[in-house]
Amino acid sequence: MNFRLFIDVLSSSVTTRPGRSRLRLTLAVPSVVLLSTFSSLSLFAQQPRFPYQDPSLSPQERAEDLCSRLSLQEKVTLMEHESRANERWGIPEFNWWSEALHGVGRNGLATVFPITMGLAATWNDGLVQRCFDAVSTEARAKNNIARRDGHSHIYEGLSFWTPNINIFRDPRWGRGQETYGEDPYLTSRMGLAVVRGLQGPEGHRYQKLLACAKHFAVHSGPEWSRHRMDIESLPPRDLWETYLPAFKTLVQDGHVAEIMCAYQRFDGEPCCGNTRLLQQILRQEWGFDGLVTSDCGALNDFWENGRHGFSATKVDAVSHALRSGTDVECGQSFRSLVEGVAAGKVSEAEVDRSLIRLLRARFLLGDFDDESLVEWKNIPSTVVDCPEHCALALESARQSIVLLQNRNNLLPLSPDQNILVIGQNAVDSTMQWGNYNGFPSHTETIYSAIEKGNTGKVEWFDYPLVQTPDEAAQGLPMPAGLLKENLDSWVVIYVGGISPRLEGEEMSVHYPGFYGGDRTDIELPDVQRRLLRRLHEAGARIVFVNCSGSAIALEPESRFCDAIVQAWYGGQSGGTAVADVLYGRCNPSGKLPVTFYRNNAQLPDYEDYRMQGRTYRYMTEEPLWPFGFGLSYTSFRVDRVRYRNGVVSARVRNVGSRDGAEVVQVYLRRPDDADGPVRTLRAFRRVEVPAGGSVTVEIPFTDKDFEWWNPQTNTLTQYPGRYELQVGTSCRASDLQTLGVVRK
């Protein structure tokens with residue numbers, strides 16, 4: 001069709017609405033609006049006039065051609081996260097800031113999966129990739145709706161700032177719930193699954209979305225000091241062995257499109273202006289060819305009072321950031337690059353280098369091209385919150401739940417059991433959404449799901465998660481009628497822990513134990529601890545369902561409670577999944593992606609980034625529940641452990657009466673390395689095993705998996721010497737079988 005005729009038809013007749021086959025009359029639409037809205041279509045409604053309009057050319061060639069035609073002012077305008085349309089060259093509006101932490105976030109209706117910590121607890125990266133394939137499908141559908149409506153605002157775009165692959169080194173960090181736990185290898189596996197699910201199948205002409213690994217690098221709290229703190233004198237071993245491996249994996253194996261630099265300084269230089277991180281390591285050593293985006297407002301921290309104090313002026317700050325390798329700014333300070341070029345603080349060639357990376361990514365998405373060429377532009381709105389995605393949310397929620405304790409096999413419960421449900425979290429649907437969340441069409445609360453599955457009596461009693469000091473001084477807020485005379489015939493299900501309104505990114509929370517979005521201690525809030533003690537003293541049988549984004553110190557609760565279930569923030573189907581586990585409709589199979597410490601005393605200084613004494617890899621004390629731990633309603637035995645020809649094999653036997661899933665975990669240890677980790681995860685495999693049956697697991701274990709820290713070269717290399725392969729069901733020594741291996 002002739003393009004002018006196409007515009008005339010649109011101006012006088014139709015706008016197509018998603019999900020409708022009829023055409024709606026649109027009157028008095030200025031053609032300039034239509035030209036802007038359908039600018040990408042305009043490029044292919046007629047023969048291309050310029051090389052960048054030619055889809056047969058490579059994204060790099062098209063990006064270089066378009067960049068060469070733009071003025072400096074036009075270039076800079078495209079380098080902010082809110083990139084406005086350029087009518088002169090037919091460049092569509094584009095927003096670099098969208099969220100998909102565990103579902104399309106902050107953009108209305110979406111399927112909401114468990115928080116990422118819960119997804120990590122599945123130890124099922126295949127399932128995680130399926131979840132994020134669903135997320136990317138919904139994201140494309142939502143972008144298609146927005147583009148057809150003539151806009152692409154914040155949270156509506158195709159650039160998603162996830163996954164968060166920072167190492168969760170300390171459970172006090174409130175944003176730890178956004179990560180995949182404390183282990184570099186598990187984080188790498190989960191991060192790869194997210195990137196592959198979001199960006200789509202490799203080899204396609206157009207990429208489905210842009211994923212972004214964040215926050216680069218060495219970033220995991222505190223929230224209250226991130227705009228001014230400097231992480232300096234970090235041992236090289238900790239940098240390369242703990243904080244960087246997941247980023248390297250996502251760059252080299254996942255071909256992640258974006259990297260987000262962090263707020264804090266590293267060795268004196270802000271991460272978004274850190275030449276060593278962004279140039280030497282990321283681009284030169286790892287070969288990253290994607291783009292780097294700043295965290296929001298991070299460049300302002302360079303020069304604003306009370307923050308890093310690194311740059312004298314805004315112009316100095318943005319010029320330094322661009323030269324160091326930051327390509328997109330979340331904010332508006334990059335507008336000063338025009339002044340920076342004029343003052344000779346940065347060159348236009350350096351501006352071009354960054355802009356070409358941005359434009360190349362947009363051409364990879366098919367952002368300028370017609371839907372007849374870009375299959376993702378034809379995804380309909382009906383995929384959002386569809387039955388298949390909702391079923392996936394339930395499956396992932398079930399697999400995320402970790403059974404920590406089950407004294408005397410109190411669980412699973414009989415469906416005719418009389419139950420007292422206690423706690424605000426039991427009836428709080430939004431708690432289950434976590435943070436950076438979307439909005440599901442329906443969320444089953446834990447209480448309503450328990451009630452649905454029960455033919456006996458079910459009663460609910462309100463109870464707070466936290467108290468102010470004044471409230472605590474008034475005593476225990478015991479609900480009337482809670483302590484029944486015949487408690488023997490009831491089971492108490494206490495749904496406690498904390499909530500996303502108490503932990504998260506840079507928050508203002510004014511309860512004891514919480515500060516700035518973080519926790520100042522990891523103990524269960526005292527008001528909950530006192531109630532559980534009182535119930536225990538009254539003879540109640542107690543199931544404690546803990547909702548939290550990370551580890552809580554539950555040593556007293558392990559004595560007060562018969563069963564303890566770690567439910568995380570389970571997403572839209574979290575309540576149903578908890579009830580399914582409690583009633584035995586689902587056999588729990590989750591494994592901890594973090595250590596559950598006994599108490600605050602087992603934690604080093606929160607602001608110390610050295611790994612000594614931290615996580616299962618460097619702890620010498622016994623935690624309450626170890627990394628990789630999780631119980632089942634059946635029993636497994638792992639035997640016949642072998643290592644031959646680069647393959648670890650083991651037999652997993654289900655010696656119980658229920659079908660179930662177990663995770664075979666392979667750890668590596670170097671006995672002669674006194675400064676090294678106690679053990680470190682290098683492989684795992686989740687397997688389903690029928691009751692009374694067995695499965696032989698074979699896991700490749702290559703030369704690369706034996707890489708170890710070499711203090712002579714300050715690198716991870718294939719280092720000769722004695723090693724131990726430890727195979728089992730958690731990182732606890734008693735759960736592992738050891739094989740000696742000599743590497744030459």
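This is a predicted model: local features need pLDDT of at least 70, side-chain atom pairs count only at pLDDT 80 or more; totals for chains, interfaces and linings use all residues.

Residues are numbered from 1 along each chain as its sequence is written, and side-chain values use heavy atoms, leaving out hydrogens and water.

**Exercise 1. Find the average pLDDT of the chain and the stretch where pLDDT is below 50.**

Solution. Start with the term: pLDDT is the predictor's confidence in each residue, from 0 to 100. The chain averages 93, and 94% of the residues score at least 70. Next, look at residues 1–45, where the pLDDT is below 50; this stretch still has 58 contacts in the model beyond near neighbours in sequence (contact: heavy atoms within 4.5 Å).

**Exercise 2. Which residues touch the most other members of the largest nonpolar core?**

Solution. First, the definitions. A nonpolar core is a set of buried Ala, Val, Leu, Ile, Met, Phe, Trp, Tyr and Cys residues joined through side-chain atoms within 4.5 Å. Buried means under 20% relative accessible area, exposed over 50%, and partly exposed in between, with a 1.4 Å probe and protein chains only. The core has 115 residues, and F216 and I259 touch the most other members. Its largest share, eight residues, comes from helix α14 (residues 348–365). Helices (H or I, at least four residues) and strands (E, at least two) are DSSP runs, numbered from the N terminus. Then follow F216: not counting residues up to four places away in sequence, its partners include L244, F247, I259 and W286.

**Exercise 3. Why is helix α12 (residues 314–324) described as largely enclosed?**

Solution. Count first: eight of its 11 residues are buried, so the rest of the structure largely encloses α12. Those buried residues are V315, A317, V318, S319, H320, A321, L322 and S324. Now list what they pack against: β10 (269–270), α11 (275–285), α13 (337–342) and α14. Finally, check the residue that follows α12: G325 has a positive phi, near 130°.
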